[in-house]
Amino acid sequence: MTESESNLDFRRGMIDRRLAHTRRVLLVMSGKGGVGKSVVSAALAGIADASGLEVGLMDADIYGPSSALLFGARGLPAEGESGLVPPILGGVKVMSVDLFASGRPIPLAGSGANEILLELLALTYWGNLDCLVVDMPPATGDIMLTLTLLRKDVEAIVVTMPDRLSTSVAHRVLELLKGGGVTTVGVLGNMVRGSAKDKETGPKKLAEEFRVPLLGLLPFDDSVSNAVEKGNIDALLRTRFARSLQKSMSVYLRGMRRGAPRAVG
Amino acid sequence: MHELSLVQGIISAVGETASEKGGRVRSVKIGVGELAQFDIRLVRGLLNDLKKGTSLEGARITVEPEKSKVKCLSCGRIWNFQELAGPISSDEREMMHFLPELLNSCSRCPNCSKSYFEIEEGRSVRIIEMVLDD
């Protein structure tokens with residue numbers, strides 16, 4: 001009996017073992033670019049750390065990575081006997097293709113982006129994590145499919161701005177999550193300006209239609225861009241946006257109670 | 001030394017497949033792609049050390065180098081790592097050592113100078129084939 005290479009991608013098993021000590025995997029999605037997924041992911045990881053949780057942030061936006069920049073991470077990750085050790089910044093273990101590419105463009109055709117994602121997941125030694133936050137790329141291609149199939153218990157939050165363009169794409173993502181049996185933690189409105197229209201339409205209607213919680217409506221906050229410029233997660237966590245995110249995710253974070261430490265293999 | 005993790009991953013995958021199919025491992029063929037620039041002797045040595053007490057002990061293990069094959073999606077030229085249009089730095093070699101696809105970030109097609117190409121073969125270490133006794 002002969003097994004050929006198509007059945008033998010050993011990285012799949014490596015990824016399962018890498019994530020065996022991670023309690024929750026949370027995908028931060030939107031489908032559309034520019035709605036603030038990366039900033040939400042980074043701030044959420046920082047908030048989770050401040051709540052006493054062990055947290056990792058995986059930048060799955062291979063073409064346009066920004067997590068390393070948001071945390072001020074640079075340089076190749078250290079290599080340990082157990083694999084690549086993600087740098088810890090602001091208490092968060094951060095892994096991104098940009099730690100390798102260092103700002104170079106990443107023009108990938110075909111399966112290239114997915115290959116990089118699989119390689120990073122297979123090689124990264126996260127240790128024990130309460131939560132791995134995954135900053136998802138825009139679009140609903142290979143990377144989304146790979147990550148929603150990563151584990152049976154993968155969860156997702158869908159971030160959207162209140163406008164029709166953002167919510168129409170978020171609608172598609174919610175449909176895909178529902179069809180794929182992925183637990184949707186809820187919808188998170190972002191860059192909401194406070195008008196009655198912003199508050200009553202968009203994210204709220206999406207949450208109602210898909211019968212998932214509306215986690216919150218994060219305000220449009222000028223101070224976020226200043227904090228991002230600093231490349232320092234602490235500055236981001238001091239913004240009104242981050243305080244609102246903390247409130248929006250408080251129930252989810254409380255549910256992520258840490259159990260007894262487990263040995264890492 | 002992430003080669004160690006990869007070799008452990010290979011040994012686990014072979015063991016899991018053998019146990020799933022219910023057969024003994026007769027042989028395994030491993031390819032070492034040139035883009036990741038692994039030392040093939042190191043891969044052989046790790047396999048030799050780590051196979052003890054696993055389903056690979058007693059199996060015939062072949063480790064062979066694999067040349068890269070890169071297809072330019074602009075002009076159609078098929079080329080390999082040895083034909084790069086320009087030199088690449090030690091930093092660039094190091095990033096490719098971990099993520100071979102980042103060849104796209106540091107090189108261009110030697111024929112048309114576009115950076116729109118796809119790696120078809122020779123990226124990193126892989127299991128080419130394993131044979132189980134029926």
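Which two domains does the domain assignment of chain B give? The assignment lists domain 1, made of residues 2-66 + 127-133, and domain 2, made of residues 69-120. Keep in mind as you look around that this is a predicted model. For chain B the average pLDDT is 94, and 99% of the residues score at least 70. The model as a whole comes with an ipTM of 0.94 and a pTM of 0.94.

Let's stay with chain B for a moment. The C-alpha centres of its domain 1 and domain 2 are 28 Å apart. Where the two domains of chain B touch, domain 1 supplies six residues and domain 2 supplies eight residues. On the domain 1 side of that contact in chain B, you will find two nonpolar residues, three polar and one charged.

Now turn to chain A and look for its sheet. Eight strands of chain A form an open sheet with mixed pairing, in the order E6-E7-E3-E8-E2-E9-E10-E11. Strand E6 (88-89) and strand E11 (214-219) of chain A are at the edges, and each has a single partner strand, so one side of each has no neighbour in the sheet. As a reminder, strands of a sheet pair through backbone hydrogen bonds, either parallel or antiparallel. For one pair to inspect, take strand E3 (residues 55-59) and strand E8 (residues 129-135) of chain A: they run parallel and are joined by five bridges. Within this pair, A:Val55 sits opposite A:Cys131 of E8(A).

Helices pack on this sheet too. Helix H2 (residues 37-50) of chain A lies across E2, E3, E7, E8, E9 and E10 of chain A, and runs at about 170° to E8(A). Helix H9 (residues 203-210) of chain A also packs on the sheet, where it touches E9, E10 and E11 of chain A. The direction of H9 makes about 165° with that of E10(A).

Finally, see how the two chains meet. Here 32 residues of chain A are in contact with 34 residues of chain B. On the chain A side, the elements giving two or more residues are strand E1 (2-4), helix H1 (11-18), strand E5 (83-85), helix H4 (98-101) and helix H5 (112-123). H5(A) gives the most, with six residues. And what is the make-up of the side of chain A that touches chain B, by class? That side has 17 nonpolar residues, along with seven polar and eight charged ones.

Definitions and conventions: Residues are numbered from 1 along each chain as its sequence is written. Chains are lettered from A and ligands numbered from 1 in the order in which they are written. This is a predicted model: local features need pLDDT of at least 70, side-chain atom pairs count only at pLDDT 80 or more; totals for chains, interfaces and linings use all residues. Two residues are in contact if their C-beta atoms, placed from the backbone, lie within 7 Å. Helices (H or I, at least four residues) and strands (E, at least two) are DSSP runs, numbered from the N terminus. Ala, Val, Leu, Ile, Met, Phe, Trp, Tyr, Cys and Pro count as nonpolar, Asp, Glu, Lys and Arg as charged, and the others, Gly among them, as polar. Two strands pair if DSSP finds at least two bridges between them. Axes are lines fitted to C-alpha atoms, for helices over the stretch in contact, and angles run from 0 to 180 degrees between N-to-C directions. Domain bounds come from an automatic or database domain assignment. pLDDT is the predictor's confidence in each residue, from 0 to 100.
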